[in-house]
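These are my notebook entries on one structure. I set down each point as I looked it up.

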Amino acid sequence: MNIDWNTDIYCLIGNPVSKSLSPRIHNYIFEFNNKNCIYLAFKVEDRDFKAIINSFKALNIKGFNVTIPYKIKIMDHLDEIEKEARLLGAVNTVKNVNGKLIGYNTDGLGFARSLTEEGIKIEDRNFLILGAGGASHAISTKLAIEGAKKIVILNRTIKKAEVLGKNIKDKFENTQVTWDSLDNVVKYLDSDIVVNCTSAGMYPNEDISPIDSTILNEDTVIYDIIYKPIETKFLKDAKRNKLKTIGGISMLINQAILSQQIWLNDVENYSKNFKKIEGFLDSNVEDIVNKLL
Ligand code: NAP
């Protein structure tokens, strides 16, 4: 990496950011595409939030990602918000166009692309979503945007599933939306695809699963969006029972690539190298994740 006066700066803001994979992934993609750009991670305290966003304009930071707990708060500090981000109610990618900050959300599209890569279509399929936090919000809404037939949202705290379910139901009348407690999972075993959007099974609680995957039908696809560890207990158990499984890394990588496409306006080049970038990151990511644990 040759850093000089002309290097464009991109970054992540959130709290905490110390275990984030984003700097490693983004800097690799910049280097791969021969871009004179660097990506950093900043831990931002709530009291400094506004000053930091203003300083990004002053310093001409070209773009940034936003993570927990600021994906909603950032929306009050932007000049424009793209349609899908408005529908998802959160922004995770911001582009600075001559001092004008434009917000996007790549969470839903990153997830949808990872399904497409596995040959799984969303339209007319039945989804069982576990969890009702930020990631579930983006994924469930994206599934409705893409024409899913039915979405069942199960959560430990049922009230949160209800708020999210009603929100989607109000906006998308062609998708059936139901919500319930995670404890009632046995009522919903006819789903085509189960997506774990809870943090149950995430490092350091690697010995737990959101539900017992052995109760699921053999043709159900199991997607766990957790990427620390690469293979969760939920996925391991499902694999042992011969179910098709997908891990959270591909969504993460897809999101990073989509952010850079937005920032650099270079869809053609990025699309051309998409598979190569993904291939490299896939084979190195275990090492990157393990170093961060
Ligand atoms: P969040 O907003 O904090 O939501 C956490 C969700 O997990 C809530 O629904 C919570 O239920 C549930 N939960 C937590 N512990 C649980 C347990 N022991 N049993 C059952 N449910 C439990 O977090 P988030 O941002 O949505 O992220 C969720 C997970 O997705 C994290 O592991 C994160 O790393 C991962 N993620 C991955 C990607 C990717 O690119 N692959 C992107 C975003 C997030 P309650 O409402 O009852 O508390």
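Entry 1. Which residues are buried in helix 1? I note first that the model is a predicted one. I then found Ser22, Pro23, Ile25, His26, Asn27, Tyr28, Ile29 and Phe30 to be buried in helix 1. Helix 1 covers residues 22-32, and eight of its 11 residues are buried, so the helix is largely enclosed by the rest of the structure. I looked next at what comes after helix 1 and found Asn34, which has a positive phi, near 60°.

Entry 2. I turned to the ligand and its surroundings. There are 24 residues around the ligand, and those that come nearest are Ala135, Asn155, Thr157, Lys160 and Ile225.

Entry 3. In the side chain of Thr157, an N or O atom is 2.5 Å from a ligand oxygen atom. For the side chain of Arg156, the corresponding distance to an oxygen atom of the ligand is 2.9 Å. Ser199 takes part through its backbone, with an N or O atom 3.2 Å from a ligand oxygen atom. On its own the ligand has 930 Å² of accessible area, of which the protein covers 78%. Two or more residues of the shell come from each of helix 5 (134-145) and helix 8 (249-264). Helix 8 gives the most, with three residues.

Conventions. Residues are numbered from 1 along each chain as its sequence is written. This is a predicted model: local features need pLDDT of at least 70, side-chain atom pairs count only at pLDDT 80 or more; totals for chains, interfaces and linings use all residues. Side-chain values use heavy atoms; hydrogens and water are left out. A residue is near a molecule or strand if one of its heavy atoms lies within 4 Å of it. A polar contact is a pair of N or O atoms within 3.5 Å; within protein, one must be able to donate a hydrogen and the other to accept it, and residues adjacent in sequence count only if both atoms are side-chain atoms. Accessible areas come from the Shrake-Rupley method with a 1.4 Å probe; for residues, only the protein chains shown count as cover. Helices (H or I, at least four residues) and strands (E, at least two) are DSSP runs, numbered from the N terminus. Buried means under 20% relative accessible area, exposed over 50%, partly exposed in between (1.4 Å probe, protein chains only).
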